[in-house]
Amino acid sequence: MIPSPVRTAIFPVAGLGTRFLPATKATPKELLPVIDTPLIQFAIDEAREAGVERMVFVSHPSKTAIERHVRADADLIETLRARGKARIAEALEAAALDEDEHEVEFTMQHEQRGLGHAVLCARDLVLPGPVAVLLPDDLILSRPGCLAQMVEAYARCGAGHMVAAMDVTPEAVSRYGVLDPVGLEGAITRARGMVEKPAAEEAPSLKAVVGRYILHPAIFETLASQGPGAHDEIQLTDAIARDTERLGLAGFAFSGRRYDCGSKAGMLEATLAVASRDPDYADVLAEWRAEATLPIAAE
């Protein structure tokens, strides 16, 4: 296997998950499951597929359950095997990060100071070269995974920073960072910068940035010298925009479907999508569809 030029992945997982309270009062939102797979697991598997060597989790002291999930639990696996649950034990072992194959680092973001600050918290833990940033809230279902697609494209696009991008409607554009494009080359959109959450009439395009990034290592210097932006936070979007003139910026149109699992509606949509691909749930979904077409009885 050819080594990936992107050796480090950063997972910002310090958020409090307020949109999912009370479910996230005790359970980190990154561990909320789509059927039986936590959101963070999808992101980890995507990074593994892309050839990442080191996984850096920017977490919060209140979210120790994430580290327990990420690392192997030898005692639990042994207990499951002893009880005749070998298949479950094997699945659990496969999901955990094997530290003989991947380096695992945790660092804490004690204050909620924005995505840019979360990335900066990982500065001393990354390996040389470009770094990936994966937001677990953005679940992207595709084969190959979105990050693997981006790594392949990054090697030939010639831009320092690459962001995953997708077309959105004018009604939705104000919820995203949006590319200011200057040219299109297949799946690559060359951009002169980004605009954060513009009004529809002011948006330079409908190409929205979603939660996958490959960033030139200079991003850390840019973030370190950057003051607060919107919401008094250090915005990653602002740092990428500052770097664009000297490093270049490319948007990548990935194949696959993205689900906004930071919202309840998006989480439900992702759960239905994953269930629809598994024949074990065919009867349940068929029954639900049949009931959904019935008229609502009057009270």
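Which side chains meet in a salt bridge at 3.2 Å, N to O? I looked it up: Glu185 and Arg190. My cut-off for a salt bridge is a side-chain nitrogen of Lys or Arg within 4 Å of a carboxyl oxygen of Asp or Glu.

**Ground rules.** I am working on a predicted model, where local features need pLDDT of at least 70, side-chain atom pairs count only at pLDDT 80 or more, and totals for chains, interfaces and linings use all residues. Residues are numbered from 1 along each chain as its sequence is written, and side-chain values use heavy atoms, with hydrogens and water left out.

**More on that pair.** I checked accessibility for both partners. Glu185 comes out partly exposed at 47% relative accessibility, and Arg190 is partly exposed too, at 22%. For these labels, buried is under 20% relative accessible area, exposed is over 50%, and partly exposed is in between (1.4 Å probe, protein chains only).

**Other salt bridges.** I find 18 of them in the structure. Arg192 and Asp180 pair up at 3.0 Å, N to O. Arg192 counts as exposed, at 53% relative accessibility. I take helices (H or I, at least four residues) and strands (E, at least two) as DSSP runs, numbered from the N terminus.

Glu103 and Arg54 also meet, at 2.4 Å, N to O. Glu103 sits in strand β5 (residues 103–108) and Arg54 in strand β4 (residues 54–59), 49 residues apart. Here Glu103 is partly exposed at 32%, whereas Arg54 is buried at 14%. I also noted a network of salt bridges linking Glu67, Arg71 and Glu99.

**Whole chain.** I count ten helices and 13 strands. The C-alpha atoms fill a box of roughly 60 × 55 × 40 Å along the principal axes. Of the 299 residues, 47% count as buried.

**Helix α6.** How many of the twelve residues of α6 are buried? Nine are, so the helix is largely enclosed by the rest of the structure. Among them are Cys146, Met150, Tyr154 and Cys157. The helix covers residues 146–157 and reaches 16 Å from its first C-alpha to its last, close to the 16 Å expected at 1.5 Å a residue; the expected span is 1.5 Å times one less than the number of residues. Gly158 follows α6, with a positive phi near 80°.

**Ala208.** I found this residue in strand β11 (residues 207–215), buried with a relative accessible area of 0%. Beyond its neighbours within four places in sequence, Ala208 is in contact (heavy atoms within 4.5 Å) with residues including Ala164, Met166 and Tyr176.

**Thr24.** This one lies in the loop between β1 (8–12) and β2 (33–34), yet Thr24 is buried, at 8%. Setting aside neighbours within four places in sequence, I see Thr24 in contact with Leu16, Gly17, Lys29 and Leu32.
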